[in-house]
Amino acid sequence: MQAKFNPLQVIINPPGIQFGMPGDTIQLYVVVINQGDQSAVIDLYFVFDEVFQNLTGWSSSPRESLALAPQQNSDEVTFEFQIAANALPGTYDYTLVVDSPLHYPQDTPITFPNQIKVLLKEQTAIRVNDPTFSIRPNTNPNKPLIFNPSEPLQVEVIVDNRSYLVDRFRLNCPDLDDDWFTINYPATGFEGPGLVSDVTALELNPGTQGQILLKFHPPGDTLAGSYSPTIRLYSENSPDLVLLDLVYIQIPTNYRLDIELNTILAQVSRSLGKYELSLSNQGNIVRELILRLESRDEEELYTYKFDPTEVRLLPNRSAVANLTVKPRPWWRRPWFGAGLIVNFKVDIKDQQNLPLPNTLSQGTLVWKPRPWWQFILLVLVILGFLGGIGFIIWRILNPDPLRLENFSANNPRITEEEDEIALKWDIHNYQQLQKLVLTAKGSQPIQPITYDFSNGIPETLGKGSANEIPPCQVQEKQELICSNVKTGVKTKGNYTFELQAFYRNGIQLFSPNNQVASQSTQVEIAEKQIAEVVNFQADKPQYTKGQNILLSWTIVRPLLLAQVQIAGSADDGTSYGEPIAYKFNQGKIADPKLQKLCTQQNQQLRCTNIPLPATKAGNFAFEIKAFANNGSQKTSSKKTESKIAILPKPFKIVFFRINGSEQPNLVLNEGASATLSWRVEGENIQVKLLPYGNDVKPVDSIKLPVNQAFPPQIALQVNDVSGKQQAQQRGFAITVMKKAVPTPIPSINPIPRTFPPNNSPFKTPFPLR
C-alpha cells in the first residue's frame with residue numbers, strides 16, 4: 001500500500017525529546033517545505049495542557065504564519081520554552097500543529113507530539129556525546145503512575161550511548177530502600193546453559209540504545225500518598241557524570257480496618273462483663289480511633305470503660321483494647337427469671353473522619369437475677385422507709401431546738417478610742433427565736449440591749465446603711481449569722497458580755513414553756529500604744545564645761561513618736577536649762593544633721609552620741625521624755641542611771657607681775673613703789689594675795705610703797721571653790737635695798753648678804769652670785 005503524499009514537509013530540530021533544568025530556556029527550530037502545486041498560508045502553533053502551561057508560563061500558544069510558494073522552503077522558525085525556576089523534575093508533553101485550512105484542508109492539520117524533560121538541578125549538564133536516558137511511561141507531578149498493590153509497578157529505562165566507546169551502565173534509586181525496587185538488566189547472551197548469571201549492568205556499543213527494567217514494589221506498611229524517587233544512571237566511562245530523573249508514583253489509599261469483639265465474661269451478677277476488642281489496620285494509612293459503645297436496646301442499661309479509649313494504629317499493625325461493661329441501675333436487676341439481657345455494639349469514631357467498616361461488632365451481657373436473701377432485704381428496706389416517714393413526721397412536730405454558737409468579739413483586745421467593741425454570733429433554727437438580750441459588765445456602765453424577733457429580724461440587725469452590709473444575714477434558710485454588731489463601748493477596761501436567746505422548742509401544743517440559751521465572752525480595751533523609752537545613758541559620767549555630753553537612747557515603736565525632750569536638774573533642784581526638743585517624723589529625727597546618728601530596726605529606734613552642750617558646772621541628773629503622735633496624753637520617760645558631773649573649766653594664772661617683771665627674785669629700792677598686776681582665768685575660784693590674805697579680783701593691780709616693812713615674799717593664790725581642782729600659786733622673793741646715807745668713808749668691811757629662810761614657798765630663791 002503506497003503512503004499518502006502530503007504536500008507539506010516539516011523538519012523539526014531537535015527531533016526528539018528536549019532536556020532542560022529549572023530556569024533554562026529551550027529552543028525548538030521548525031522548517032516547513034511546500035511541496036504542493038499551489039501557494040499556501042501555513043500556521044504553526046502548539047497544543048498543551050494546564051500542566052505544560054504552568055511549566056512555561058504561557059497564557060496562550062505562540063503562533064507563526066508562513067506564506068510559501070510551491071516548492072519553496074521557509075526560513076527557520078524558532079520557538080523558545082522558558083522553563084519556570086520552580087518547575088519540578090519530570091517529563092511534560094506538548095504537540096506542535098502545522099495547519100493550512102485554506103489551501104490544504106484535506107492534508108492538515110499535521111500534529112507532532114513532543115516532550116520536554118525537566119532535569120534535577122544536581123544533574124550534570126549534558127554534552128553532545130554524553131549518554132542520556134528516558135523513562136517510559138513518562139511522568140510528572142500531575143501525571144503520576146498509579147501503584148496497584150496486587151502487582152509490581154514496572155517502568156522502562158531507555159539508555160542512549162551517544163559516545164564513540166563501548167560503555168556499561170548501572171541504575172540505582174538512592175532515595176529508596178532496597179526492598180522498594182528491583183532492577184533487571186537484559187541478558188548478554190553469553191550465559192551458559194543451565195547457569196544462572198547475575199547481570200549487573202547494561203553494556204551498549206557506540207550509538208546504540210538499550211533498555212533496563214525497573215520494578216517498584218513498596219513494602220506492605222508503606223503509607224498512601226505521592227512519592228517521587230530519584231533514578232540515577234551511572235556510566236562506567238564517565239563516573240563523574242550525574243544523570244538523574246524522577247519517577248512520580250501515587251499509592252492509592254486503602255482504608256481496610258478489621259474489627260473483632262471477643263467475649264471473656266458475659267453473664268454477671270456482681271462483677272463486670274469483660275470483652276476484648278481486636279483492631280487490625282490492613283490499610284496503608286495511620287488510623288486514630290476513639291472507642292465507644294452504643295446500645296442496641298431502647299434504654300442504655302449499662303456503663304462501660306475501654307482501656308485504652310483511644311488507639312493509634314500504623315499500617316499492618318494490630319492492637320487490643322479491654323472493655324468492661326457494668327449493668328445499671330441497681331434497681332433494674334431482675335428478682336426472678338433468666339436475667340436481664342443488655343445488647344450493645346461497638347461504635348468507633350475516626351479522628352480524621354476516614355471511612356470505617358459498615359458492620360461493627362456486637363455484644364450481649366446477661367445480668368443474672370438477684371439471690372433470694374435480697375428479697376428479705378427489700379422487705380426490710382420498705383419497713384425502714386415507713387419508719388423514716390414516721391421520723392420525719394415526728395421531726396415536723398418536734399423541730400431541732402435553737403442553738404446559739406460562736407458568740408465572741410470580732411477582736412478580743414482592741415485599743416481605746418480607735419474602735420468600739422463589735423460582737424458576732426450564730427443562731428441555728430432561728431425561726432424559733434423570740435428575742436435576744438445582750439448585757440455587759442465592765443468599766444463603762446452599759447444598759448441591756450433587747451432585740452425583738454417576734455416580727456422577724458429587727459431593723460437594727462437586718463438592715464445596714466447604704467454602703468454597709470447588714471450585721472445579720474440568713475444562710476441556708478435556717479442559720480442566722482451575725483457579725484460586726486456594734487456596742488458603742490470604747491472606754492478602756494475589761495468587759496464581760498452575755499447574750500441570752502429566748503425561744504420555744506417545738507409547737508406550743510407540745511412545748512409551751514420558753515427556753516433560754518446563753519453564752520458569754522470577754523473583751524479588753526487596752527490603752528493606746530505609745531513610743532516607749534527602754535534605754536537612756538551618757539557615754540561617760542564626767543564632763544568638762546564647754547564639752548558636748550553624748551547621749552544615747554533606745555525607743556520602741558518609733559513610728560508613734562512625735563518628739564523627744566531632754567531636761568536636766570541639779571542637786572539643789574534647779575534646772576539645767578530649757579529642755580532640748582528633737583522632733584521626729586516617721587521614726588526619724590527631723591534634723592537632717594542628726595539623722596545619721598539614729599538607726600531603726602525591728603521596731604526599735606537607736607540614737608547614739610546625740611550631742612548636748614555642757615553649759616553649767618555641777619552634778620546633774622538628765623531625763624528623756626517621749627511624746628506620742630497618736631493623740632495619747634501619756635508620755636514615756638527615763639533618767640540616766642547616775643548623775644553626770646560637769647566640771648568647771650580648769651583655771652590658770654595667766655600672769656603675775658611686779659613692776660612688769662615676772663622674775664621670781666626681785667630687788668626693790670626703799671622709797672620706791674611696787675606695782676603688782678595679775679590676771680587669772682576660771683570659774684568658781686577664790687583669788688588671794690599673800691601674805692595679806694584678803695580676796696582680790698581675778699584681774700586687778702595695786703601699787704604698794706617699798707619700805708623696810710615690805711614683805712620679803714608676795715604670792716598670788718587661786719583656790720577652787722568646789723574643791724575639785726588643786727590650788728595654784730605664783731609668787732616673788734623680794735629684797736629691799738636701803739637708801740644710801742652720806743657718811744665718812746669708812747674702812748671697807750664686807751657685809752654678809754642675808755637670804756630668805758629655807759622654808760620659802762617659792763620654788764626659786766634669789767640667785768646666788
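Two strands are said to pair if DSSP finds at least two bridges between them. Helices (H or I, at least four residues) and strands (E, at least two) are DSSP runs, numbered from the N terminus.

## Basis of the report

The structure is a predicted model, in which local features need pLDDT of at least 70 and side-chain atom pairs count only at pLDDT 80 or more, while totals for chains, interfaces and linings use all residues. Residues are numbered from 1 along each chain as its sequence is written, and side-chain values use heavy atoms, with hydrogens and water left out.

## Strands around strand 36

Strand 35 (residues 472-475) pairs with strand 36 in the antiparallel sense over four bridges. Within this pairing, Gln473 has Ile481 of strand 36 as its bridge partner. The hairpin of these two strands has three residues between them, and Glu476 takes a positive phi near 55 degrees there.

Strand 36 (residues 479-486) also pairs with strand 32 (residues 422-428), antiparallel and over six bridges. Here Ile427 stands opposite Leu480. Strand 32 also holds Asp426. Asp426 counts as buried because its relative accessibility is 13%, buried meaning under 20% relative accessible area, exposed over 50% and partly exposed in between (1.4 Å probe, protein chains only). Asp426 touches Arg403, Leu404, Glu405, Asn406, Glu479, Leu480, Ile481 and Cys482, not counting residues up to four places away in sequence; contact means heavy atoms within 4.5 Å. Asp426 and Leu461 lie 35 residues apart in sequence and 13 Å apart in space, C-alpha to C-alpha.

Strand 27 (residues 317-327) pairs in the antiparallel sense with strand 23 (residues 273-281) over nine bridges. Leu279 stands opposite Ala319 of strand 27. Strand 25 (residues 302-307) is also an antiparallel partner of strand 27, over six bridges, and Tyr302 has Pro327 as its bridge partner.

Elsewhere, three strands form an open sheet of mixed pairing in the order 11-20-17. Strand 11 (145-146) and strand 17 (225-227) stand at the edges with a single partner strand each, so one side of each is left without a neighbour in the sheet. Strand 17 and strand 20 (residues 249-251) run antiparallel and are joined by three bridges, with Tyr227 partnered by Ile249.

## Nonpolar cores

A nonpolar core is a set of buried Ala, Val, Leu, Ile, Met, Phe, Trp, Tyr and Cys residues joined through side-chain atoms within 4.5 Å. The largest has 31 residues, of which Ile42, Leu44 and Phe81 touch the most other members. Among the elements that each supply at least two residues of this core are strand 3 (25-34), strand 4 (40-47) and helix 1 (50-56). A second, separate core of 30 residues includes Leu436, Tyr495, Ala501 and Val523.

Leu44 touches several residues, including Val30, Leu66, Phe79 and Val97, when residues up to four places away in sequence are not counted.

## The second largest pocket

On a 1 Å grid over the protein atoms alone, a pocket is an open set of points where a 1.4 Å probe fits, with protein on both sides within 12 Å along at least five of seven lines; lining residues have an atom within 4 Å of a point. The second largest pocket has a volume of about 390 Å³, a volume being the space filled by probe spheres set on the points. Of its 20 lining residues, Gly16, Ile17, Gln18, Phe19 and Asp160 are the closest to its centre. Strand 10 gives the most to this lining, with five residues.
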